[in-house]
Structures are given as structure tokens and as C-alpha cells.
Amino acid sequence: MDRERADGQLAQIAETVGLARRLGTRVWLRGGWAMDFFLGGPTRDHEDIDWFAPAADAAALAAGLGALGYTPLEGVPPEQQLDFVKDGLESSFALVDLAPDGRVLVAGGPWAGTAWPAGLLDGPPGRIDGLVCPVVAAEAQIEIKRMMPVWDPRRPRRAKDAQDIARLRAALAAPARA
């Protein structure tokens, strides 16, 4: 594992959680770092840091990240996801709408209005050492990793996703979590 890269990403996770707190908004880790925070420690290298954030707070979040030295990247439609880079490390914020009935919806782009898995943002926070961070629920994380190649056939199944699913399932089945 590239410890220097992981330490840089952990520092940016802490920075982003602190910014969200100061802004009065919320962010939730998703993807590999969400799994690692759920499990309590890094398990593998991560290409980037993936987040969910409320679309209603996107402009304030983008401005706050810019003030902290994050540079916006182009790519995904900005009403769907905001991407940034700082110190060579990328962070992506998938934007969500929070429906009055509790559903979490894709905020924009071609899948706007599509519901994410039930309970997505209802999991307990995760922790690595002293850093506590909101994360997507492990069960929803499994469903996303399992279903993404079905939902979007352009995204093939990856070996790391199968390994992540196995790690999450084992942790959920462990007696301490039962």
C-alpha cells in the first residue's frame, strides 16, 4: 500500500468533513474509502475519494473546496457530480436530492430522479484511528458495487469490487456486528 498517498487522502477526508461541518452541510464517503472507514482501517490503495453530497449545498461546497485549494475538474455533468483535484489527489462528489419521503435520489444527469438503494445514508459513521466520518451504509455499498455494471453496462465489473463486497459481507456476518 502506498502509505504516503493514503495519508494524503486521509488528510483530505478530514479536511472535507471539517469543511462540511463549518458549512452546516453533510457529506458521506462512498466507494473504497467508505468500506475502509466501516472496517476501521485501510485495506488497499484508492484511486480517489468518493463522496455523496446534497445537491442543494453543491455551490457552497464547491466554493469552500476552492478556498482550500481544490481545483475543479471537468467531466461528469456538474448537476450530477463535482470533481476536484488537490495535491494530485482527486475527490468526486456525487450529488443527491433528499426526497421528503426519505429516499435518496440521483440529483442530475441522465439518471436524475433515480433512487439510490434504500438506507444509503442511514449507516453509522466509520472510523480510522481518531478520524470519524459519515459513510454510506455497508449493505447499500454492497448493492452499489454489485449492481453498477448492470445499471451502467459501460462500467465493467472490477476485481477490486468483488474483493470489497467479500470484505463487507464478512464484516457484516462477524459476531461483533450481529
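Which residues in α2 meet which residues in α5? I started my notes there. I'm working on a predicted model, where local features need pLDDT of at least 70, side-chain atom pairs count only at pLDDT 80 or more, and totals for chains, interfaces and linings use all residues. Residues are numbered from 1 along each chain as its sequence is written, and side-chain values use heavy atoms, with hydrogens and water left out.

**Entry 1: the helix pair**

I found Gly32, Met35, Phe38 and Leu39 in α2 meeting Asp164, Arg167, Leu168, Ala171 and Leu172 in α5 (contact means heavy atoms within 4.5 Å; helices are DSSP runs of H or I, at least four residues, strands are E runs of at least two, and both are numbered from the N terminus). By class, I noted six nonpolar, one polar and two charged residues in this contact (Ala, Val, Leu, Ile, Met, Phe, Trp, Tyr, Cys and Pro count as nonpolar, Asp, Glu, Lys and Arg as charged, and the others, Gly among them, as polar).

**Entry 2: the largest pocket**

I wrote down 37 lining residues, with Arg30, Trp116, Ile144, Met148 and Arg155 nearest the centre. The lining splits into 17 nonpolar, eight polar and 12 charged residues. Helix α4 gives the largest share, six residues.

Conventions. On a 1 Å grid over the protein atoms alone, a cavity is a set of points where a 1.4 Å probe fits but cannot get out, and a pocket is an open set with protein on both sides within 12 Å along at least five of seven lines; lining residues have an atom within 4 Å of a point.
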